[in-house]
Amino acid sequence: MADSIRKAVMQAMTSVYDPEIRRPITDLGMVEGVEVDGSKVKVHVLLTVSGCPLKETLTRDIEAAARGVEGVTEVTVSMNVMTEEQRANMTARLRRAGAAPASQPGTPQNIFQDAATKTKVLVIASGKGGVGKSSLTANLAVALAMQGKRVGLLDADVYGHSIPAMMGIADEHPTMVDDVIMPVMAHGVATMSLGLMKESRDQVIAWRGPMLDRALSQMLSDVLWGDLDYLLVDLPPGTGDMPMSVARQLPSGHVLVVTTPNEAAYEVAERAGTLATMLKQPVIGVVENMSWLETVCPHCGETHRVELFGSGGGAAVADALTLSSGDPVPLVAQIPLDVALRVGGDDGHPVVVAKPDSPAARAITALASKVQ
């Protein structure tokens with residue numbers, strides 16, 4: 001009887017995922033053993049690091065899985081830390097499971113450069129700052145995750161990294177397992193940013209081109225992204241070093257260009273799309289942000305649209321890029337100006353989660369369905 005319960009509990013552990021690595025703890029070699037004493041069970045678990053920040057979550061999941069086994073009435077969990085050899089073996093398994101074949105054993109690889117990758121890479125670009133590119137990227141990533149997709153979010157805006165704050169993880173840091181970096185999970189999205197690697201939020205990054213390229217390479221190769229359906233990349237505004245590095249390191253990237261309706265913005269946005277075309281990255285659409293403000297008239301009580309930044313900018317960029325690239329570039333979304341979107345970005349609760357029925361959330365959710 002004890003042996004059958006032990007086997008059943010071990011089988012139940014295959015449904016328990018490490019909350020940071022996002023793989024079954026049995027696959028990671030984290031289950032050291034199971035003791036059975038009548039209807040009482042004790043599960044011995046090996047943590048990757050002593051200060052595991054999600055230890056309570058893991059304990060709760062293990063207890064719930066073990067209690068689901070017939071004949072088990074009481075569950076306890078004991079936790080120790082892996083030895084260097086055990087952690088090295090786990091790292092090797094992670095590399096084999098989460099990366100493309102390496103040219104040399106143990107060499108980190110950018111899995112998104114592999115022609116066999118099934119991950120769709122969406123690169124979010126803009127010609128200038130202040131058009132809401134990062135807030136759109138963060139919310140689009142979360143919207144895709146809410147629709148059941150496995151999503152990664154890479155903040156390539158090295159100098160102006162705002163993704164951690166918008167995702168509510170500005171004070172968190174990635175877990176390191178030897179030379180493997182675990183992305184931080186936020187709202188169901190595996191998130192990585194140089195902002196998460198800094199010692200403090202106010203630390204300034206002042207790097208030039210070669211260092212930016214190396215940092216991007218590390219975030220693509222050393223981070224255990226796993227098996228993603230989508231990787232969203234938040235580019236810095238403009239046509240500088242990082243967009244060119246992204247094009248080289250993510251050759252399968254599809255570009256979304258973000259603009260606002262006013263002429264000063266859409267003329268610059270067109271340049272970002274033109275650069276993508278020059279770098280052989282298809283522009284799959286234009287997103288017009290801050291298209292209008294819906295407001296209730298104090299006189300008639302009806303809701304009106306107020307175009308604070310004019311109109312037509314998104315369509316103008318789409319038409320210009322269609323003409324210059326020779327391929328159709330549609331206006332795929334118009335996102336209204338919405339206070340809830342700004343509030344969500346400030347407090348780390350994306351509007352698609354915090355206010356899913358708000359005008360901006362509905363527009364972004366619809367966009368998530370379009371890009372699939």
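Start with the contacts across the whole chain. Of the contacts in the protein with a separation of 6 or more, 73% join residues 24 or more positions apart. Contact here means heavy atoms within 4.5 Å. This is a predicted model, where local features need pLDDT of at least 70 and side-chain atom pairs count only at pLDDT 80 or more, while totals for chains, interfaces and linings use all residues. Residues are numbered from 1 along each chain as its sequence is written, and side-chain values use heavy atoms, with hydrogens and water left out.

**Whole protein**

Show the cartoon. There are 12 helices and 14 strands. Both are DSSP runs, numbered from the N terminus: helices are H or I with at least four residues, strands are E with at least two. The radius of gyration is 23 Å, close to the 21 Å that the globule rule gives for 372 residues, so the protein is as compact as a globular protein of that length. That radius is taken over C-alpha atoms, and the globule rule is 2.2 Å times the number of residues to the power 0.38. Along the principal axes, the C-alpha atoms fill a box of roughly 75 × 55 × 40 Å. Now colour by accessibility. Buried residues make up 49% of the 372. Buried means under 20% relative accessible area, exposed over 50%, and partly exposed in between, with a 1.4 Å probe and protein chains only.

**Stop 1: α1, α2 and V69**

Select residues 2-13, helix α1, and residues 55-67, helix α2. Their axes come within 9 Å and cross at roughly 135°. Axes are lines fitted to C-alpha atoms, for helices over the stretch in contact, and angles run from 0 to 180 degrees between N-to-C directions. The two helices are therefore oblique to each other. On this scale, angles under 35 degrees are roughly parallel, over 145 roughly antiparallel, 65 to 115 roughly perpendicular, and the rest oblique. α1 passes α2 in a right-handed crossing. A crossing is right-handed if the near helix is turned clockwise from the far one by less than a right angle, and left-handed if anticlockwise.

Show side chains. V9, A12 and M13 in α1 meet I62, A65 and A66 in α2. This contact has six nonpolar residues, no polar and no charged. Nonpolar covers Ala, Val, Leu, Ile, Met, Phe, Trp, Tyr, Cys and Pro; charged covers Asp, Glu, Lys and Arg; the others, Gly among them, are polar.

Next, pick V69, in the loop between α2 and β3 (74-81). Is V69 buried or exposed? At 10% relative accessibility, V69 is buried. Leaving out residues up to four places away in sequence, V69 touches A8, V9 and A12. Then draw a line to V268: 199 residues apart in sequence, 61 Å apart from C-alpha to C-alpha.

**Stop 2**

Select residues 133-146 (α4) and 359-370 (α12). They pack at about 65°, with axes 9 Å apart. The crossing is right-handed. From α4, L136, N139, L140, A143 and L144 meet I364, T365, L367 and A368 of α12. That contact divides into seven nonpolar, two polar and no charged residues.

Move on to R150, in the loop between α4 and β5 (151-155). R150 is partly exposed, at 43% relative accessible area. Which residues does R150 touch, not counting those up to four places away in sequence? They are D227, L228, D229 and Y230.

**Stop 3**

Select residues 263-278 (α8) and 313-325 (α9). Their axes come within 9 Å and cross at roughly 30°. The pair is therefore roughly parallel, and its crossing is right-handed. Y266, A269, E270, G273, T274 and T277 in α8 meet residues of α9 including G313, A316 and V317. The whole contact has six nonpolar, six polar and one charged residue.

Now select K280, in the loop between α8 and β12 (283-296). K280 has a positive phi of about 70° although it is not a glycine. Most residues other than glycine have a negative phi. At 70% relative accessibility, K280 is exposed.

**Stop 4**

Pick H187, in the loop between β8 (184-186) and β9 (189-193). H187, not a glycine, has a positive phi of about 55°. Its relative accessibility is 28%, partly exposed.

Finish at P210, in helix α6 (residues 209-221). P210 is exposed, at 57%.
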